[in-house]
Amino acid sequence: MTSTAQAPTSGAKAAHPEHLGHVVFITAAAAMGGFLFGYDSSVINGANGGIQARFDLSSGVTGTVAASALLGSALGAAIAGRIADRIGRIRVMQIAAVLFAVSAVGSGLPFAAWDLAAWRVLGGIAIGMASVIGPAYIAEVAPPAYRGRLASFQQAAIVIGIAVSQLVNWAILNMADGEERGTVAGLEAWQWMLGVMLVPAVIYGLLSFAIPESPRYLISVGRIDDAKKVLADVEGGVDLDARVTEIDQAMRSDHKSTFKDLLGGRFGLLPIVWIGIGLSVFQQLVGINVIFYYSNLLWQSVGVDPSSSFFYSFETSIINIIGTVIAMIFVDRIGRKPLALIGSVGMGLSLAAAAWAFSFQNGNDPLPTAQGYVALIAANAFVLFFALSWGVVVWVMLGEVFPNKIRAAALGVAASAQWIANWVITITFPDLSDWNLSLTYVMYAVFAFLSIPFILKFVPETKGKKLEEMG
């Protein structure tokens with residue numbers, strides 16, 4: 001997909017108040033893809049136990065099923081931009097909505113573990129597409145004066161999607177008398193958990209018919225009058241001819257970067273590309289998605305009953321939202337690096353505390369009361385520190401740290417590294433936790449502390465710098 005960064009002309013105005021409401025609706029509709037991104041990524045958390053029992057799976061195979069969506073996500077993210085440039089942003093949203101819906105139905109009615117994994121891969125492709133097309137569309141439609149705030153809708157939608165999935169899982173579990181394999185209207189609880197995603201998928205698809213195509217895409221295919229109509233609706237009193245000319249010139253000057261542009265340096269890639277990869281990989285190696293994919297199994301393994309474990313998972317999702325809001329408030333005030341360093345220290349200490357608490361686990365017996373409280377507090381503190389730092393900062397920095405001429409290609413490589421690292425952590429956790437849960441958390445804590453010298457030595461501060469200054 002072509003770059004979406006474009007500086008407004010000096011005469012560009014903010015949207016009039018009567019236009020801003022329309023823009024907010026458009027942005028919220030597009031961010032519904034982010035909601036599904038978060039929902040589908042996290043809903044497996046509530047279903048893992050039921051899936052493992054239904055198909056008599058080992059911990060390793062359960063991890064493979066849970067992680068299968070991530071492989072699809074890497075594919076979806078890789079193809080979304082190119083498809084969007086060919087058929088438009090709205091059509092990609094509609095394709096993603098269909099894939100989400102089909103995945104929901106298939107995942108809720110699987111015959112075996114292998115076809116469940118296949119349906120999860122299909123949903124993962126939709127996640128990858130939504131992760132690319134939502135931010136790109138919002139950036140292209142939002143008036144320049146509001147772009148930053150409107151762009152935050154995507155991240156907010158993701159964390160809300162995570163929270164809602166946990167709430168829905170908890171409600172379904174209660175309807176099934178607290179049993180993950182309890183039946184509700186003829187289907188097991190875990191099947192409903194995966195199948196309910198059909199509802200937001202349909203809403204996403206319907207909303208995609210109610211919002212306009214990106215003016216940038218319309219101009220690229222010669223539909224100038226349609227582009228002017230969209231610009232008039234979202235930006236109000238601007239010189240439409242000048243605005244169209246500005247966008248057209250910006251697209252013509254875009255450098256379509258390729259992987260070849262990233263080659264160089266002592267280790268095959270340019271140093272700044274390795275920095276982007278490092279940011280992406282460290283974000284995942286601290287084990288954050290273990291919390292969102294496996295927290296129910298984690299709490300149950302230390303003696304918490306299923307209903308309570310689902311409640312704790314929902315509580316953690318709320319903390320994730322709070323941390324994200326904190327990051328959105330402070331990322332432009334205190335800078336990216338200080339926020340990342342605060343998060344690294346907080347995550348390292350929290351993970352170390354969790355490792356200490358889990359070291360008292362004896363088989364399937366509940367943790368001693370004191371250690372149980374420490375484990376619960378440490379897990380929530382870890383999520384809070386991640387959300388207020390690396391959860392937001394990494395995406396902000398990946399959008400800023402690369403020079404213009406390689407930004408698109410470098411972002412693709414860094415995002416792919418993030419999906420791969422996410423997949424590795426997700427697929428290995430069940431076996432690692434069976435081996436030694438405490439040492440597994442020690443490993444995540446080590447990665448959190450290693451991120452501190454990485455940030456201090458290699459990562460540049462991008463606060464307040466123009467994108468053109470990155471070199």
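1. F454 counts as buried, at 12% relative accessibility; buried means under 20% relative accessible area, exposed over 50%, and partly exposed in between, with a 1.4 Å probe and protein chains only. F454 is found in helix α17. Helices (H or I, at least four residues) and strands (E, at least two) are DSSP runs, numbered from the N terminus. The C-alpha atoms of F454 and I275 are separated by 8.7 Å, although these residues are 179 residues apart along the chain.

2. A word on the basis of this note. The model is predicted: local features need pLDDT of at least 70, and side-chain atom pairs count only at pLDDT 80 or more, whereas totals for chains, interfaces and linings use all residues. Residues are numbered from 1 along each chain as its sequence is written, and side-chain values use heavy atoms, with hydrogens and water left out.

3. Helix α11 (residues 271-285) contains G278. G278 has a relative accessible area of 14% and is therefore buried. From C-alpha to C-alpha, G278 and I455 are 9.4 Å apart in space, and they are 177 residues apart in sequence.

4. A409 is also placed in helix α17. Its relative accessibility is 13%, so A409 counts as buried. A409 and K260 are 149 residues apart in sequence, with 9.0 Å between them, C-alpha to C-alpha.

5. Is W170 buried, exposed or partly exposed? W170 has a relative accessible area of 31%, which means that W170 is partly exposed. W170 lies in helix α5 (residues 147-175).

6. The largest nonpolar core has 123 residues. A nonpolar core is a set of buried Ala, Val, Leu, Ile, Met, Phe, Trp, Tyr and Cys residues joined through side-chain atoms within 4.5 Å. The residues with the most contacts inside the largest core are I51, F100, V273, L279, W390 and Y441. Helix α17 (residues 407-458) gives the largest share of this core, 16 residues. Domain 1 (18-211) and domain 2 (258-470) each supply at least three residues to this core; the domain bounds come from an automatic or database domain assignment. A second, separate core has eight residues, among them I219, V230, V244 and I247. In soluble globular proteins, nonpolar side chains tend to be buried together.

7. How do helices α3 and α4 meet, and at roughly what angle do their axes cross? The axes of α3 (residues 89-108) and α4 (residues 113-141) come within 8 Å and cross at roughly 155 degrees. Axes are lines fitted to C-alpha atoms, for helices over the stretch in contact, and angles run from 0 to 180 degrees between N-to-C directions. α3 and α4 are therefore roughly antiparallel to each other; angles under 35 degrees count as roughly parallel, over 145 as roughly antiparallel, 65 to 115 as roughly perpendicular and the rest as oblique. The contact of α3 with α4 has, by class, 18 nonpolar, four polar and three charged residues. Ala, Val, Leu, Ile, Met, Phe, Trp, Tyr, Cys and Pro count as nonpolar, Asp, Glu, Lys and Arg as charged, and the others, Gly among them, as polar. The crossing of α3 and α4 is left-handed: in such a crossing the near helix is turned anticlockwise from the far one by less than a right angle, and in a right-handed one clockwise.

8. Helix α3 also meets helix α7 (residues 198-208), the two axes coming within 8 Å and crossing at roughly 160 degrees. α3 and α7 are therefore roughly antiparallel to each other. Their crossing is left-handed.

9. Two loop residues deserve a separate point. Most residues other than glycine have a negative phi. D56, however, has a positive phi near 55 degrees and is not a glycine. D56 lies in the loop between α1 (17-54) and α2 (59-87), and its relative accessible area is 70%, so D56 is exposed.

10. A185 likewise has a positive phi, of about 55 degrees, although A185 is not a glycine. The loop between β1 (183-184) and β2 (187-188) holds A185. A185 counts as exposed, at 72% relative accessibility.
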